[in-house]
Amino acid sequence: MKLRLALFLMAIFAAVSGCAERGVIAERPVSTENDTYRLDTGDKLRIVVFGQAELSGDFTVDSSGAVSMPLMPPIQARGLTTDEFEDVVAVQLSNTLLRNPNVSVQVTEFRPFFILGEVQRAGQYPYVNGMTVQSAVAVAGGFTYRADEDRVKITRNRGDHIVEIGVDSTAPVLPGDTILVRERYF
């Protein structure tokens, strides 16, 4: 009888300690230093070609990852930084319309992020600069009573591949991220 009780208590202790270890998926927050912002579908841009008001304006990166400007064929933006995209636009303009164009590109509205799982209102939400998992959950109405607040996964597009990262609530969220809040078992 004592042996059974000891085995039972050991099993409970192992399960509880296993849950504690499993609770934090990543011991450090996701680093954003390698996550230089890259343009993608849904980003809204303000492109200014100095001295050329008819070529300047607000544009959206379309589903193919390109931006359509007046008098120009669509220009691929997906995967480029704003500086790289400025250079591409300047080269395209100098090849077709202008000599030495001066181009400026700014992101006026970032693509949305998505949140799924054990939150009150799962869905698509506008991105706000400096957002963390905790603030994203707050935007979605908070955790449900079944949520495992320590087991959150972010799916992120890193150019030519998609990565899944286990994070805690202080991890940064980037535009286009999909956040999954898992269900707890106990």
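Arg156 is buried, with a relative accessibility of 2%. That value falls under the 20% cut-off, so Arg156 counts as buried. This structure is a predicted model. Across the whole structure, a search finds eight salt bridges.

**Arg156 and Asp177**

- The side chain of Arg156 meets that of Asp177 in a salt bridge, at 2.7 Å from N to O.
- Arg156 sits in strand 8 (residues 147-158), and Asp177 sits in the loop between strand 9 (161-167) and strand 10 (178-183), so the pair ties together parts 21 residues apart in sequence.
- Asp177 is also buried, at a relative accessible area of 1%.
- Why can such pairs form? Side chains of opposite charge can pair when their charged atoms come close.

**Arg111 and Asp43**

- Arg111 and Asp43 form a salt bridge, and their closest N and O atoms are 2.8 Å apart.
- Arg111 belongs to the loop between strand 5 (103-109) and strand 6 (113-117), while Asp43 belongs to the loop between helix 1 (2-23) and strand 1 (44-49), so this pair links parts that are 68 residues apart in sequence.
- Arg111 is buried, with a relative accessible area of 12%.
- Asp43 is buried too, at 0%.

**Glu109 and Lys44**

- A salt bridge joins the side chains of Glu109 and Lys44, at 3.8 Å from N to O.
- Glu109 lies in strand 5 and Lys44 in strand 1, so the pair ties together parts that are 65 residues apart in sequence.
- Are these two residues buried or partly exposed? Glu109 is partly exposed, at 42% relative accessibility. Lys44 is partly exposed as well, at 34%.
- Lys44 also stands opposite Glu109 of strand 5.

- Which strands form the open sheet? Three strands do, in the order 2-1-5, with antiparallel pairing.
- Strand 2 (57-60) and strand 5 are the edge strands, and each pairs on one side only.
- Neighbouring strands in this sheet are turned by 30° against each other on average, direction ignored.
- Strand 1 and strand 5 are paired in the antiparallel sense over six bridges.
- Helix 2 (residues 82-96) lies across strand 1 and strand 5. Helix 2 runs at about 135° to strand 5.

How values were computed: Residues are numbered from 1 along each chain as its sequence is written. This is a predicted model: local features need pLDDT of at least 70, side-chain atom pairs count only at pLDDT 80 or more; totals for chains, interfaces and linings use all residues. Side-chain values use heavy atoms; hydrogens and water are left out. A salt bridge is a side-chain nitrogen of Lys or Arg within 4 Å of a carboxyl oxygen of Asp or Glu. Helices (H or I, at least four residues) and strands (E, at least two) are DSSP runs, numbered from the N terminus. Buried means under 20% relative accessible area, exposed over 50%, partly exposed in between (1.4 Å probe, protein chains only). Two strands pair if DSSP finds at least two bridges between them. Axes are lines fitted to C-alpha atoms, for helices over the stretch in contact, and angles run from 0 to 180 degrees between N-to-C directions. Contact means heavy atoms within 4.5 Å.
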